[in-house]
Amino acid sequence: MLTMGLYNTYDKVKVVEAHYRGIARGAPIAYAYGFNLALIGFPYEFEEKELVEFVKDNTTIGASGLYLQKLYDEKRLFVMDVPEKGFPSQFGSLVVTTSHPERKKNASAEEIADMMIKNRPLLILIGLGRKGLPKEYFEMAQYHLDITDGKGISLETCTAIGAIAARLYTIAEFKKKAIKKY
């Protein structure tokens, strides 16, 4: 299971436009590249179905929530509180996205794509907002991913969402085709 996790670093108490716009932008990317979508720490008191309806009612992004609806219908949407002691084991290895990975935890896009090919469950965690991910997740994560391949370039959140999914998917698909040739 390959899951893109959007971690809320915006307001933790009230719903702001950036919340549902980020969700609406992430859903089509997750759907297009075969990722599940996990929404972590959003201030919604909704179940998944209600959240889908709320996003659909409040934005035109992502075909007015069409892809969020598809993820929900296919049981590929997860909504959860901020985990205090780590993520559920069903998500597999935690991969934090950062422009400054720790050397000992640094994993290249190619290494993550190799894990994808082997069907290793991964949770690719992306901080939604300018604060970035909390430090404890960097410690908790098995891998750190700089999608700019060591260039250390910080990307705007929605740009990062697209770049991460597209780059990992493209590398994995290229490698799968190369394997089939031989």
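**Exercise 1. Which residues touch the most other members of the largest nonpolar core?**

The structure is a predicted model, in which local features need pLDDT of at least 70 and side-chain atom pairs count only at pLDDT 80 or more, while totals for chains, interfaces and linings use all residues. Residues are numbered from 1 along each chain as its sequence is written, and side-chain values use heavy atoms, with hydrogens and water left out.

*Step 1.* A nonpolar core is a set of buried Ala, Val, Leu, Ile, Met, Phe, Trp, Tyr and Cys residues joined through side-chain atoms within 4.5 Å; buried means under 20% relative accessible area, exposed over 50%, and partly exposed in between, with a 1.4 Å probe and protein chains only.

*Step 2.* The largest core holds 41 residues, and Leu37, Ile112, Ile124 and Leu168 touch the most other members. Helix H6 (residues 157-181) gives the most to this core, with seven residues; helices (H or I, at least four residues) and strands (E, at least two) are DSSP runs, numbered from the N terminus.

*Step 3.* A second, separate core of 15 residues includes Ala38, Phe78, Met80 and Leu125.

**Exercise 2. Find what the buried residues of helix H1 pack against.**

*Step 1.* Helix H1 covers residues 17-32 and reaches 24 Å from its first C-alpha to its last, close to the 22 Å expected at 1.5 Å a residue, where the expected span is 1.5 Å times one less than the number of residues.

*Step 2.* The buried residues of H1 are His19, Tyr20, Gly22, Ile23, Ala24, Gly26, Ala27 and Ala30.

*Step 3.* Their packing partners, by contact (heavy atoms within 4.5 Å), are strands E1 (2-8), E2 (36-40) and E6 (122-128), together with helices H2 (48-58), H3 (61-73) and H6.

**Exercise 3. Classify the aromatic pairs Tyr31 with Tyr67 and Phe78 with Phe91.**

*Step 1.* Rings of Phe, Tyr and Trp (its six-membered ring) pair if their centres lie within 6.5 Å; planes under 30 degrees apart count as stacked, over 60 as edge-to-face and the rest as tilted. The count comes to six aromatic pairs.

*Step 2.* Tyr31 and Tyr67 lie 5.7 Å centre to centre with 40° between the planes, a tilted pair. Because Tyr31 belongs to helix H1 and Tyr67 to helix H3, this pair ties together parts that are 36 residues apart in sequence. Tyr31 is partly exposed at 24% relative accessibility, and Tyr67 is partly exposed at 28%.

*Step 3.* The rings of Phe78 and Phe91 have centres 5.3 Å apart and planes at 85°, so this pair is edge-to-face. Both Phe78 and Phe91 are buried.
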